[in-house]
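Take a look at the model below. This report walks through its rings, its strands and its core.

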Amino acid sequence: MKTNLKADAVFEGGGVKGIGLVGAVAVAEEKGYQWVNVAGTSAGAIVAALLAAGYSAAELKQVMQELDYNKFKDATFGDKIPLVGPMASLIFEKGIYEGKYFENWMRELLWKKKVETFSDLILEEYKDDEQYRFKVRVIAADISRGRLLVLPQDAADFGI
């Protein structure tokens, strides 16, 4: 096995594809690759963020095996009213589920690796190079503005 092989990766979204991405990461790690810059959207962003935080493929596999995916469906009482609840949530809240469980789950996983903000994921040797500065990029859709976001750099558009 070769060691000190460096790799960048972009992981796509797609819900359960996240499990498959962990398998692909495991194979690359077995071949000696270490992740430098990673990016992703949706499930791919979750994998990318956790890799950037320092999780190994084995740790990610354990996280995925222990996860109760049904907990992501954190609808409020009003959302559970047949037809009207989900429609009202889509119109007024831009989604059926609240996302609090996911937010807390992700925050806890990152905190275990001492990661609280993107500034904890700066590559010291590239700290002055905007293109390679951060270990991770999260690709998201800003539906209220109708545009693509690349975080952390687009966070400045929100005064962050």
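Start with one side chain. Tryptophan 35 has a relative accessibility of 22%, so this residue counts as partly exposed. Here buried means under 20% relative accessible area, exposed means over 50%, and partly exposed lies in between (1.4 Å probe, protein chains only).

This is a predicted model: local features need pLDDT of at least 70, side-chain atom pairs count only at pLDDT 80 or more, and totals for chains, interfaces and linings use all residues. Residues are numbered from 1 along each chain as its sequence is written, and side-chain values use heavy atoms, with hydrogens and water left out.

**Overall layout**

The protein chain has five helices and four strands. Helices (H or I, at least four residues) and strands (E, at least two) are DSSP runs, numbered from the N terminus. From that end, the order of elements is β-α-β-α-α-α-α-β-β. The chain has 160 residues, and 33% of them are buried. Contact means heavy atoms within 4.5 Å. Among contacts between residues at least 6 apart in sequence, 59% join residues at least 24 apart.

**Aromatic pairs**

A pair of aromatic rings is described by the distance of the centres and the angle of the planes. Rings of Phe, Tyr and Trp (its six-membered ring) pair if their centres lie within 6.5 Å; planes under 30 degrees apart count as stacked, over 60 as edge-to-face and the rest as tilted. By this rule there are four aromatic pairs. One of them joins phenylalanine 11 and tryptophan 35, edge-to-face, with 6.2 Å between centres and 70° between planes. Phenylalanine 11 lies in strand S1 (residues 5–11) and tryptophan 35 in strand S2 (residues 33–41), so the pair ties together parts that are 24 residues apart in sequence. Phenylalanine 11 is buried, at 7% relative accessibility.

Phenylalanine 102 and tryptophan 105 also pair. Their ring centres are 6.0 Å apart and their planes meet at 45°, so this pair is tilted. Both residues sit in helix H5 (residues 100–112), three residues apart, which puts about one helical turn between them. Phenylalanine 102 is partly exposed, at 33% relative accessible area. Tryptophan 105 is buried, at 12%.

A charge can also sit over a ring: NZ of Lys or CZ of Arg must be within 6 Å of the ring centre and within 35 degrees of the ring normal. Lysine 113 lies over the face of tyrosine 55, 4.8 Å from the ring centre.

**Strands**

Two strands pair if DSSP finds at least two bridges between them.

| Strands | Sense | Bridges | Facing residues |
|---|---|---|---|
| S1 and S2 | parallel | six bridges | phenylalanine 11 and glycine 40 |
| S2 and S3 (residues 136–142) | parallel | four bridges | alanine 39 and arginine 137 |

S1, helix H1 (residues 17–30) and S2 make a right-handed β-α-β unit. Right-handed means that, with the strands pointing away from the viewer, the path from the first strand over the helix to the second runs clockwise. S3 and S4 form a hairpin with four residues between the strands, where glycine 146 takes a positive phi near 65°.

How many residues of H2 are buried? Eleven of its eleven residues are. They pack against S1, H1, S2, H3, H5 and S3. Just after H2, glycine 54 takes a positive phi of about 115°.

Valine 47 belongs to H2 (residues 43–53). Valine 47 is buried, at 2% relative accessibility. Beyond four places in sequence, valine 47 touches Phe11, Gly18, Leu21, Val22, Val25 and Leu60.

In soluble globular proteins, nonpolar side chains tend to be buried together. A nonpolar core is a set of buried Ala, Val, Leu, Ile, Met, Phe, Trp, Tyr and Cys residues joined through side-chain atoms within 4.5 Å. The largest one here has 29 residues, and Phe11, Val47 and Leu50 touch the most other members. S1, H1, H2, helix H3 (57–66), H5 and S3 each supply at least two residues of this core. H2 gives the largest share, nine residues.
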